[in-house]
Amino acid sequence: MERKPSAVLIVALILWMFGVAGTVILPLFDQEINSATASGELRNYPEDSAEARGRDVYIQNGCQTCHTQFVRALPADTNQNLGPVSQGGDYKYDLPHLLGSNRTGPDLMWVGLKYNEDWQRQHLIDPQSTSPGSIMPSFDYLTNQELDDLVAYLMSLKPTEERLEEYQKEREEAKIKGQ
Amino acid sequence: MFTDEKWSSSKNWFIAAVFWIIIGMSMGLLTATKQIWPELLNNRWTTYGHVRSAHVMLVIYAWLSMAYVGSMFYMIPKLAKTKVYSEKLGNFALVFYNIVILEGFFALLFGQTSVIEYGEFPLWVDVQLLVAIGLVAYNLFKTVGQRTEKMLYVSLWYFLGSLLWLPLTWIVGNFPAQWIPSGVQQGLMGWFLGHNAIGLWMTTVGVGQIYYLLPKLTGRPLYSHQLSMIGFWAIATFYVWNGPHHLMNGPIPSWISKAGVIPSIVLLIPVWAVLANFWGTMKGSWSQTRTSVPLRFTMAGTIFYLFACLQGPLQALPSVSSVIKFTHWTVGHAHMGPFGAFSFTSFAAIYYILPKIVGREMFSKRAMEAHFWFSTVGFLVFAFSLWIAGVVQGFAWIEGVPFLQTVLMMEPYVQGRAIGGTMMYVAQFFLAWNMYKTIKLAKLEKKQQAQQQAATA
């Protein structure tokens with residue numbers, strides 16, 4: 001093999017394909033991530049709805065570079081009061097995905113639970129007025145239409161009532177155990 | 001423009017690379033500064049999200065990748081004892097590649113993105129970039145094909161592998177989202193690209209560069225051929241499985257998590273094999289780092305590579321990940337490989353190769369020294385700020401400190417990062433100026449020589 005580049009390339013290709021099979025092809029057959037949860041269904045926005053347009057505004061302005069949509073079953077997340085732990089099926093209709101990799105700002109998986117529309121709008125136009133010390137840039141350059149759509153999208157990010165009840169029960173149980 | 005002058009591809013790719021490191025790092029510095037003054041240059045085009053994406057894509061696919069291709073256009077023909085298959089095609093690919101990068105850069109500033117980290121260019125740019133990479137790979141494969149040296153030195157293995165893996169990985173990662181059945185599945189494919197752009201392109205070409213440079217710079221043979229084979233096949237086997245660890249503790253089934261985390265930890269094997277080989281080769285030559293800046297850059301690169309590769313498997317442990325994931329630590333770690341390890345080896349490659357192809361020493365040794373020290377000290381300030389910040393931030397979240405308060409706590413570290421980053425940025429001007437002077441003087445000297453010859457003839 002030390003004299004045959006084609007042999008090196010063939011083995012390199014086979015090893016690469018093993019990795020693809022394990023981490024890309026096999027997951028395609030896993031139901032856990034491929035069937036939508038009830039909360040995931042809520043994110044199946046009709047085409048050209050305010051939420052769908054707002055999602056595009058979110059992506060175009062790079063919100064996903066600072067905010068994750070990814071709640072883990074870990075103290076770092078549960079103690080931040082982010083809402084229910086997210087499941088594979090919650091993202092069934094999230095294309096492209098907005099899982100994110102960095103929390104320069106807080107997680108937004110269920111941000112629709114936390115504030116009302118007026119707060120969201122005010123926060124987008126002048127982040128420091130609602131959150132003193134925030135390092136979020138102002139999005140006052142967006143048109144009114146874009147702001148409306150973006151707020152509609154953010155408000156849509158919430159779990160179903162049932163999921164929320166389950167989550168609150170879980171938290172109370174955890175609290176009792178903790179004492 | 002599409003000259004077939006000997007070594008012109010290598011030289012021109014290097015020149016373009018250094019142009020882009022200045023643009024790419026200025027985007028990085030702006031990103032860092034925006035975290036201190038959020039309103040700085042904030043508008044529809046240069047808002048934080050756009051600038052950050054542009055920074056990541058430019059330093060990886062413009063600066064580092066072009067420096068890599070420049071190195072390979074010199075190292076591959078040298079190792080194969082032949083000439084570049086087609087210098088003309090090499091120069092054509094360069095012009096094409098630069099046009100594509102420019103398109104991608106403006107697409108990102110105009111808010112077009114496919115979201116996938118390390119693959120953020122929109123689809124219409126991705127396709128063109130694939131063609132450009134394909135042209136480079138074709139040219140270099142053909143070069144190996146016409147070799148007169150029968151033994152394949154280990155650097156060639158790495159280069160061949162990387163030139164095969166990059167386009168394939170690029171296809172998987174940039175697969176159109178609409179064709180993929182779920183958001184998480186796309187996340188897995190995106191991180192397949194995200195991790196393997198690092199593992200099967202940045203790492204493998206960079207390690208190949210070091211294997212080439214070390215024996216040349218020290219004048220000593222490679223410590224162990226056997227060990228270099230173990231290192232190569234272990235990287236090829238395990239690295240490609242690393243994508244899923246980016247979604248660990250998250251919405252993926254536990255079997256995928258394990259399939260990603262275990263290979264991440266096993267990576268300690270190739271890292272050990274590679275570094276034992278590098279440092280074995282260096283035995284008795286360490287004192288040369290005092291006088292040779294390229295050698296010093298290479299060795300600093302290997303040390304940063306060790307750091308990066310100790311952090312990597314450690315971070316792949318679910319318990320460690322549960323503290324530092326999503327924090328500033330990640331940003332510090334993400335700069336370790338691309339800047340600390342492999343930009344350093346690329347600097348060394350430029351300083352070694354450029355004098356050979358233009359026929360004159362680098363213009364200023366002092367500028368090289370300044371480039372080294374500003375890069376190194378700047379990077380240490382930058383990286384340590386972010387690592388400390390990440391750990392502080394991670395534990396604050398666990399304790400339930402309100403998010404906004406953790407942002408305020410980060411202020412001094414974010415400033416430290418910006419100061420370190422400024423030094424890293426300034427360093428690159430010494431490189432650019434030195435290269436410009438060297439190439440200009442080399443041209444002048446050649447002209448004078450020709451005149452003298454004409455006069456005496």
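Biologist: Leaving aside neighbours within four places in sequence, which residues is Tyr61(B) in contact with?

Modeller: This is a predicted model, and in it Tyr61(B) is in contact with Met66(B), Tyr97(B), Ile101(B), Tyr118(B), Trp170(B), Leu193(B) and Ala197(B), once its neighbours within four places in sequence are left aside.

Biologist: And what about the largest nonpolar core, how many residues has it?

Modeller: That core has 165 residues, and Tyr61(B) is listed among those with the most contacts inside it, along with others including Trp13(B), Trp63(B) and Tyr305(B). Helix α2 of chain B, residues 48-79, gives the most to this core, with 21 residues. A second, separate core has 22 residues, among them Val57(A), Cys63(A), Leu98(A) and Val115(B).

Biologist: Switching to the interface, how many residues of chain A are in contact with chain B?

Modeller: 73 residues of chain A are in contact with 85 residues of chain B, and the two chains bury about 6,600 Å² between them, with 67% of it on carbon and sulfur atoms. On the chain A side, Glu2(A), Trp16(A) and Thr23(A) lose the most area to chain B, together 11% of what that side buries.

Biologist: Which side chains meet in a salt bridge there?

Modeller: The count between the chains is one salt bridge, in which the side chains of Arg44(B) and Glu146(A) meet at 2.9 Å, N to O.

Notes: Residues are numbered from 1 along each chain as its sequence is written. Chains are lettered from A and ligands numbered from 1 in the order in which they are written. This is a predicted model: local features need pLDDT of at least 70, side-chain atom pairs count only at pLDDT 80 or more; totals for chains, interfaces and linings use all residues. Side-chain values use heavy atoms; hydrogens and water are left out. Contact means heavy atoms within 4.5 Å. Buried area is the accessible area (1.4 Å probe) that two parts lose on being put together, summed over both. A salt bridge is a side-chain nitrogen of Lys or Arg within 4 Å of a carboxyl oxygen of Asp or Glu. A nonpolar core is a set of buried Ala, Val, Leu, Ile, Met, Phe, Trp, Tyr and Cys residues joined through side-chain atoms within 4.5 Å. Buried means under 20% relative accessible area, exposed over 50%, partly exposed in between (1.4 Å probe, protein chains only). Helices (H or I, at least four residues) and strands (E, at least two) are DSSP runs, numbered from the N terminus.
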